[in-house]
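Look at the model below with the sequence beside it. The paragraphs that follow start from a single residue and then widen to the whole chain.

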Amino acid sequence: MKLFAAIALGLCLTPCMSSAAELNLATLTCGKYENEVLPAAASNPTADSLNTVMWLFGYSVAKSGAHVMYPEALAPFGFALDNECKSNPAESLLDALAIVKPEPKNPMNLTTVDCATFAPRHVELARTDPESATTIMMWLFGFSVARSGSHIFDADSLNSFQAALLADCAKHPKQALFDALSAVKTSKPAK
């Protein structure tokens, strides 16, 4: 199934959960992204550049109006975003994301995957490979944030997003994953 292709992407990756301050994509410059956000993993073991790029990838796809996941396009997307930002350090990250386009290979249409298929597979992946499950959830989180009209990246809200998405899927198992991602509302975690 196509969902397994998306999960296979996660199986190749070994990220850790990131914990960082909120990032406003409209005011974050490419230069700051390149020089402060991405290198954070080198000095902060709880930061994860891969999950940040995965979130940005999901966000970018949703902002483009697409409703598909491209399981094989993370690396090309990350390199293209890196090149765009290095070439234009004063550009906002939000503008850079509008320029960078993912390679449309093997798309998984989020409107054809229902919650009854997605949720149990995600729960099982979270049990057997929590790091890969987190990586995939970060893409979905970025996609959902863009669908909501926001441009704030808050990695600390991932757990509340995941709980809300899985709860919505439990209530509406026949609902398309795309619709669940468009409807999910999360609250800011208590600090």
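This is a predicted model: local features need pLDDT of at least 70, side-chain atom pairs count only at pLDDT 80 or more; totals for chains, interfaces and linings use all residues.

S60 is buried, as its relative accessible area is 4%. Buried means under 20% relative accessible area, exposed means over 50%, and partly exposed is what lies in between, with a 1.4 Å probe and protein chains only. The residue S60 belongs to helix α4, residues 49–63. Helices (H or I, at least four residues) and strands (E, at least two) are DSSP runs, numbered from the N terminus. Apart from neighbours within four places in sequence, S60 has contacts with F77, L97 and V100. Contact here means heavy atoms within 4.5 Å.

Residues are numbered from 1 along each chain as its sequence is written, and side-chain values use heavy atoms, with hydrogens and water left out.

Now take the chain as a whole. It has 10 helices and 4 strands. Read from the N terminus, the order of these elements is α-β-α-α-α-β-α-α-β-α-α-β-α-α. Of the 191 residues in the chain, 49% are buried. Among contacts with a separation of 6 or more, 77% are between residues 24 or more positions apart.

Next come the cysteine links. How many disulfides are there? With a disulfide taken as a pair of cysteine sulfur atoms within 2.5 Å, the count is 2. One of them joins C30 and C85, whose sulfur atoms are 2.4 Å apart. C30 is in helix α2 (residues 30–37) and C85 is in helix α5 (residues 74–87), so this pair ties together parts that are 55 residues apart in sequence. The link of C30 and C85 is left-handed, with -45 degrees about the S-S bond. Both ends are covered: C30 is buried with a relative accessible area of 0%, and C85 is buried with 1%.

A disulfide is also formed by C115 and C169, with 2.2 Å between their sulfur atoms. The torsion about the S-S bond of C115 and C169 is about -50 degrees, so this disulfide is left-handed. This pair links distant parts of the chain, with C115 in helix α7 (residues 115–128) and C169 in helix α9 (residues 158–171), 54 residues apart. C115 and C169 are both buried. If the bonded cysteines of the chain are numbered in sequence order, the pairing reads 1-2, 3-4.

Helix α7 also packs against another helix. Two packed helices are described by the angle between their axes and the distance between the axes. The axes of α7 and helix α8 (residues 130–148) come within 6 Å and cross at roughly 135 degrees. Axes are lines fitted to C-alpha atoms, for helices over the stretch in contact, and angles run from 0 to 180 degrees between N-to-C directions. Angles under 35 degrees count as roughly parallel, over 145 as roughly antiparallel, 65 to 115 as roughly perpendicular and the rest as oblique; α7 and α8 are therefore oblique to each other. On the side of α7 the contact is made by F118, H122, L125, A126, R127 and T128, and on the side of α8 by P130, S132, A133, I136, M137 and L140.

H122 is buried, with a relative accessible area of 4%. Leaving out residues up to four places away in sequence, H122 touches A133, M137, Q162 and L166. H122 and A133 are 11 residues apart along the chain, and their C-alpha atoms are separated by 6.6 Å.

Two further residues complete the tour. F178 lies in helix α10 (residues 177–183) and is buried, with a relative accessible area of 14%. Not counting residues up to four places away in sequence, F178 touches H67, L110, T111, F143 and R147. The other is N106, in the loop between α6 (93–99) and β3 (108–109). N106 is partly exposed, with a relative accessible area of 47%. Its phi is near 50 degrees, a positive value in a residue other than glycine.
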